[in-house]
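Here are my notes on the model you asked me to look over. They are set out as numbered points that can be checked against the coordinates one at a time.

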Amino acid sequence: MSARLVVLVSGAGTNLQALIDACADPSYGAGVAAVGADRDGIEAFARAQRAGIPTFVCRVSDFQTRGDWDRELARQCAAHQPDLVVLAGFMKLVGPAVLAMFGGRLVNTHPALLPAFPGMHGVRDALAYGVKVTGCTLFLVDEGTDSGPVIGQAAVPVHDDDDERSLHERVKTAERGLLVETVGRMVRQGWSVHGRKVTVGS
Ligand code: GRF
């Protein structure tokens, strides 16, 4: 039985597409059970629908409180019985209900080498700082902002003529590779966490 992934998105969904493509190979060991988002009308949903994957929307503005939204998001994810929840370009901070239900099996990908440049503009901030190397990070989500234990990272060079778009595209190429390779090893070999150290496989 392959592992069940629920992937949460907010935009283009190229990370999602990389996972969908990888899951087409039975030896990868996982399948995307559902795709959820905080908004609709996004390309990521078109990708899911083309692959015949169920989608759900959970909008913050549809709820009285952020906590109500968080609890509904946890419920919607749980309805698909995920072994692993993947935030892939999901632009909202999940809350205590999602963390209580999926903590330890909830991963996020960020387009910078954490702890450097957390938050909404990791690529822009790295470029503005003038770093020569940036990259991407896959980490286990905790209660902070991009602060959880690191699972994997990939370095990406910054070119002198880069702007935010060109650099983000190069980072996303590395990010998709890191996400697919690491999630695959996690679902096939398992993982353990000791303090801030994550070990995939034995
Ligand atoms: C990714 O770089 C992700 O790290 C960031 O937003 C981008 C989403 O890209 N939060 P996509 O929607 O997967 O194409």
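The points below go from the sheet to the helices, the cores and the ligand site.

1. Please keep in mind throughout that this is a predicted model. Its open sheet is built from 7 strands in the order E3-E2-E1-E4-E5-E6-E7, with mixed pairing. The edges are formed by strand E3 (55-57) and strand E7 (150-157), each of which pairs on one side only. Averaged over the sheet and with direction ignored, neighbouring strands are turned by 20 degrees against each other.

2. E4 pairs with E1 in the parallel sense over 4 bridges, and Val 6 stands opposite Val 85 of E4. E4 also runs parallel to E5, to which 3 bridges join it, and here Leu 87 stands opposite Asn 108 in E5. Both faces of E4 are covered, with Leu 84 and Val 86 buried on one side and Val 85 and Leu 87 buried on the other.

3. The antiparallel part of the sheet can be checked at strand E6 (residues 133-140), which pairs with E7 in that sense over 7 bridges.

4. Helix H2 (residues 43-50), for its part, lies across E1, E2 and E3, running at about 150 degrees to E3.

5. The largest nonpolar core holds 45 residues, and Val 7, Val 32 and Val 86 have the most contacts inside it. Helix H6 (residues 164-189) supplies the largest share of this core, 7 residues. A second, separate core of 20 residues includes Cys 58, Leu 73, Leu 99 and Leu 114. Returning to Val 32, its contacts beyond neighbours within four places in sequence are Leu 5, Val 7, Leu 16, Ile 20, Cys 23 and Ile 53.

6. Is Glu 72 buried or exposed? This residue sits in helix H3 (residues 66-78), and it counts as buried because its relative accessibility is 19%, while the cut-off is under 20%. Once neighbours within four places in sequence are left aside, Glu 72 is in contact with Cys 58 and Phe 63.

7. Which residues surround the ligand? They are Ala 12, Gly 13, Thr 14, Asn 15, Gly 89, Met 91, Thr 109, His 110, Pro 111, His 168, Lys 172 and Glu 175. A polar side-chain atom of Thr 14 lies 2.6 Å from an oxygen atom of the ligand, and for Glu 175 the corresponding distance, again from a polar side-chain atom to a ligand oxygen, is 2.4 Å. Thr 109 takes part through its backbone, with a polar atom there 3.2 Å from an oxygen atom of the ligand.

Technical notes: Residues numbered from 1 in each chain as written. Predicted model: local features only at pLDDT ≥ 70, side-chain atom pairs only at ≥ 80, totals over all residues. Heavy atoms only, no water. Core = buried A, V, L, I, M, F, W, Y, C linked by side-chain atoms within 4.5 Å. Buried < 20%, exposed > 50% of the residue type's maximum accessible area, 1.4 Å probe, protein only. Helix = DSSP H or I, 4+ residues; strand = E, 2+ residues; numbered from the N terminus. Contact = heavy atoms within 4.5 Å. Pairing = 2+ DSSP bridges. Axes fitted to C-alpha atoms, helices over the stretch in contact; angles between N-to-C directions. Near = heavy atom within 4 Å. Polar contact = N/O pair within 3.5 Å; in protein donor to acceptor, adjacent residues only side chain to side chain.
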